[in-house]
Amino acid sequence: MGARVRLGPNASAGESVSAAESAHTAGSAAANSEPTPPGTGAAGQGTAAGSAAAGPRTLDVVLAIVVVALSIGSVLLVLVPSLELVVVSHDLDIVVNTVATAAAAAVAALAWIRFKEGGQPIMLFQAAAFTVLAASNASFLAIALVGLAPAFGSSAAMPTQTPIYAWWIARFTAAALLVAGGLVALRGSPTPRHPLAVIAIPSLIAFLLIGLAWRFTDQLPLLVPPASVTNLATNPATAHRLLGVTLAGMIAQSSVGVLFLLGAALFHRLQASGGPISFAYLTIGLAIAAFSQLQFVAIPGAYSSLVTTGDILRLAFYMVILLGVDADARVGLRDLRVAHRDLERLRDAELASAATEERSRVAREFHDGLAQTLWYAKLKSGRLATLDGLPAEARELAADVTRAVDAGLAETRQALVALRTGAQGGSLPEMLGRYLDDFGERFGMRVEFESLGEIPRLPVRSEAELVRIVQEALNNVRKHADATLVRVQAQATRERLRLTVRDNGRGFDPNAARIGGYGLQGMTERADLVGAHVSVVSAPQDGTTVAVEIPLERED
C-alpha cells in the first residue's frame with residue numbers, strides 16, 4: 001500500500017516554498033528596480049532597508065515637526081528677547097567648540113572613506129563641506145586655548161567684526177559645498193578628476209578670506225553696529241538686549257540660512273528618490289542649521305566665552321548628522337548579514353549540485369553493478385536449488401543464499417531510492433513525499449505523511465541530513481518494528497521545524513537497547529552535524545516515535 005500525503009492548510013509539498021520564493025523574488029525585483037538618483041551610486045546601498053526605515057512620509061512628518069518647533073521658538077525669542085540663551089563661560093565655550101570640531105571631523109572622514117570606497121561625488125562634497133567646518137571650529141578652539149582671542153578680535157572683552165566675518169565665510173562655504181553636492185547627484189555629473197583639490201581648495205580659500213577679513217576688518221562693511229559691539233564688551237551677560245544687526249549683516253547671515261534650507265530640500269529629494277537613510281538625517285540637520293543661522297543674526301556667538309541659543313542648535317545639527325552616520329552603519333551591517341547569508345546559500349547550492357551529481361553517479365553504479373550482480377546471484381542460487389540429486393542440506397543452504405541475496409537486493413533498492421531522492425531535489429516535503437511513496441509501495445506498508453504549517457527552505461546540508469534521518473527511522477520500522485502503519489509528520493513553527501516518525505509496531509525499551517542499536521547512534525550523529533536534536537519514545541508493544549527538531553533561522 002502506498003503512502004498517503006495530507007497537507008496542512010498553510011502548506012503544500014512545494015507550493016508554500018514556491019510562494020515564499022516568489023514573494024522574495026518580487027520584493028527583490030521591486031527593491032532593485034527602485035530608481036536611484038544619478039550620481040548617488042554606492043551611496044544608495046542599503047536603500048531598500050534604509051528608505052523603509054525612514055520613508056518619505058516619516059521624513060516629512062519629522063521635518064515638519066522640527067521646522068514648526070524651531071519657528072515657534074524663533075518667534076518667541078523675537079517677541080521676548082529675555083528668553084534668548086546667553087551664557088558667559090569660557091569652559092562651556094571650549095566644550096561646545098571641542099564637540100563641534102570632533103563631530104565635523106568625524107563626519108568629514110567618514111564621507112571621504114565612503115567616497116573612496118564607492119566613488120560617489122556627493123560624498124566628496126560632503127567631505128569637503130565638513131572639512132571646512134572642522135577646520136574653522138578647530139581654529140577658533142585653538143585661538144581660545146592659546147590666548148589669541150584679543151588679537152583676533154574674538155574676545156568678548158575686546159570684540160571686533162572679524163570673528164563674525166570668519167563664521168560667515170566658513171558656514172557659507174560649507175553650505176555652498178553641500179548644495180553643490182546635491183545638485184551634482186541630481187544631475188548625474190561625473191566625479192571631479194582631482195578629489196583632493198575639492199577637499200583642500202575650499203578650505204584654503206575660506207581661510208584666505210578670513211585672513212583678509214582680519215587684516216582689513218576696518219575697511220569692510222559693518223555686520224554688527226559699533227554700539228552693539230561696545231555694549232557687548234561692557235556687559236556680555238546682557239547681550240540679548242544689546243546686540244543688533246546691520247542690513248549688510250542680515251543679508252550676509254540670511255544667505256547662509258537660505259543655502260542650508262536649499263541643501264535640506266535637495267537632500268530631501270535625494271532621500272525620497274531612494275538615497276541612503278543618512279540623507280534623511282542630513283535633511284533634518286540642515287533645517288536645524290538654517291535656524292541656527294537665524295539665531296546667529298540676532299546674537300552672533302562667534303565671540304569666545306559667549307554661548308548662545310545658536311550654539312546649542314549648532315550642536316544639535318552635528319548630533320543629528322552623527323545619528324545619520326550611525327543609522328547608515330546599522331543598515332550597512334544588516335546588508336552585510338543578508339549578503340553573508342546569500343553567500344552561504346550559494347555555497348550550499350554549489351555543494352548540493354556537486355553532491356547531486358555524485359549521488360547520481362553512485363546510483364547508476366549501484367544499478368548497473370551491484371544490483372545486477374545480486375540479481376545474477378539470485379538466479380544462479382535459484383537454479384542451484386532445483387538441480388536433481390542435490391542433498392537436502394545443500395538445498396537448504398541454497399535457499400539461505402537466495403534469502404540473503406533477496407535481502408541484499410532490498411537493501412540495494414533502498415539505497416538507490418535514497419540516492420535518487422536527493423538527486424531529484426525539490427523542497428523538503430517533496431523529497432519526503434517521494435521517498436514515502438516508494439517505501440510504502442515497495443514494502444506493502446501503510447504510510448501517511450502530513451505537513452503542517454509553512455515548511456521553510458533550509459540549508460541544503462540540513463535538508464539532506466533530515467531526509468537521511470527519516471530514512472533510517474523507516475528502515476528501523478521495516479527491520480524491527482513489525483508494524484502495519486507509519487505516520488510521518490512535518491510541522492514548522494516560527495522557532496523550529498519538527499519531524500516525527502511514529503509506528504504501531506512492537507516497540508522496545510530505549511534504556512535496554514544496546515549502544516548504536518536500531519540505527520539510533522547514526523541518527524543522533526547526523527542530527528548533531530546540522531544542530532538538530534533527535535529523541536526516541538518507545539515502549540514494548542506500544543510502538544515507537546522518533547522525533548527530530550532543528551531550529552529555524554529567521555531573517556530580520
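**A walk through the fold, from a buried aspartate**

Asp 328 counts as buried, at 13% relative accessibility (buried means under 20% relative accessible area, exposed over 50%, partly exposed in between, with a 1.4 Å probe and protein chains only). The model is predicted, so local features need pLDDT of at least 70 and side-chain atom pairs count only at pLDDT 80 or more, while totals for chains, interfaces and linings use all residues. Residues are numbered from 1 along each chain as its sequence is written, and side-chain values use heavy atoms, with hydrogens and water left out.

What does Asp 328 pair with? Its side chain meets that of Arg 114 in a salt bridge, at 2.6 Å from N to O (a salt bridge is a side-chain nitrogen of Lys or Arg within 4 Å of a carboxyl oxygen of Asp or Glu). Arg 114 lies in helix α4, residues 90–118, and Asp 328 in helix α13, so the pair ties together parts that are 214 residues apart in sequence (helices, H or I with at least four residues, and strands, E with at least two, are DSSP runs numbered from the N terminus). Side chains of opposite charge can pair when their charged atoms come close.

Stay on helix α13. This helix covers residues 309–385 and holds Arg 314. Arg 314 is buried, at 5% relative accessibility. Asp 311 is buried too, at 4%. Their side chains form a salt bridge of 3.2 Å, N to O. Asp 311 and Arg 314 sit 3 residues apart in helix α13, which means that about one helical turn separates them. Arg 314 also has neighbours from elsewhere in the sequence. Leaving aside residues within four places, Arg 314 is in contact with Val 96, Asn 97, Ala 100, Asn 137, Trp 167, Arg 171 and Ser 292 (contact means heavy atoms within 4.5 Å).

Take Phe 317 as an example. Beyond its neighbours within four places in sequence, Phe 317 is in contact with Phe 130, Leu 133, Gly 285, Leu 286, Ile 288 and Ala 289.

Move on to Asp 503. Its place is in strand β8, residues 496–503. Asp 503 is buried, at 9% relative accessible area. Its side chain reaches the backbone nitrogen of Gly 505 at 2.7 Å, a polar contact (a pair of N or O atoms within 3.5 Å; within protein, one must be able to donate a hydrogen and the other to accept it, and residues adjacent in sequence count only if both atoms are side-chain atoms). Thr 545 is 42 residues from Asp 503 along the chain, but 6.7 Å separates their C-alpha atoms. With neighbours within four places left out, Asp 503 is in contact with Val 477, Ala 481, Ala 483, Leu 485, Val 486, Gly 543 and Thr 544.

Charges meet again at Glu 448. This residue forms a salt bridge with Arg 446, with the closest N and O atoms 2.6 Å apart. Glu 448 is buried, at 14% relative accessible area, while Arg 446 is partly exposed, at 31%. Arg 487 joins them: Arg 446, Glu 448 and Arg 487 are linked in a network of salt bridges. The whole structure has 10 salt bridges.

Next, the surface. Ile 201, Ile 205, Leu 208, Leu 209, Leu 212 and Phe 216 make a nonpolar patch of about 530 Å². Ile 201 sits in helix α8, residues 195–215. At 45% relative accessibility, Ile 201 is partly exposed. Patches take residues with over 30% relative accessible area and no salt bridge; like charges are joined within 9 Å, nonpolar side chains (Val, Leu, Ile, Met, Phe, Trp, Tyr) within 5 Å.

Last, the chain totals. The secondary structure comes to 17 helices and 10 strands. Of the 556 residues, 45% are buried. Among contacts with a separation of 6 or more, 78% join residues 24 or more positions apart. The accessible surface is about 27,300 Å², and carbon and sulfur atoms hold 62% of it (areas come from the Shrake-Rupley method with a 1.4 Å probe; for residues, only the protein chains shown count as cover).
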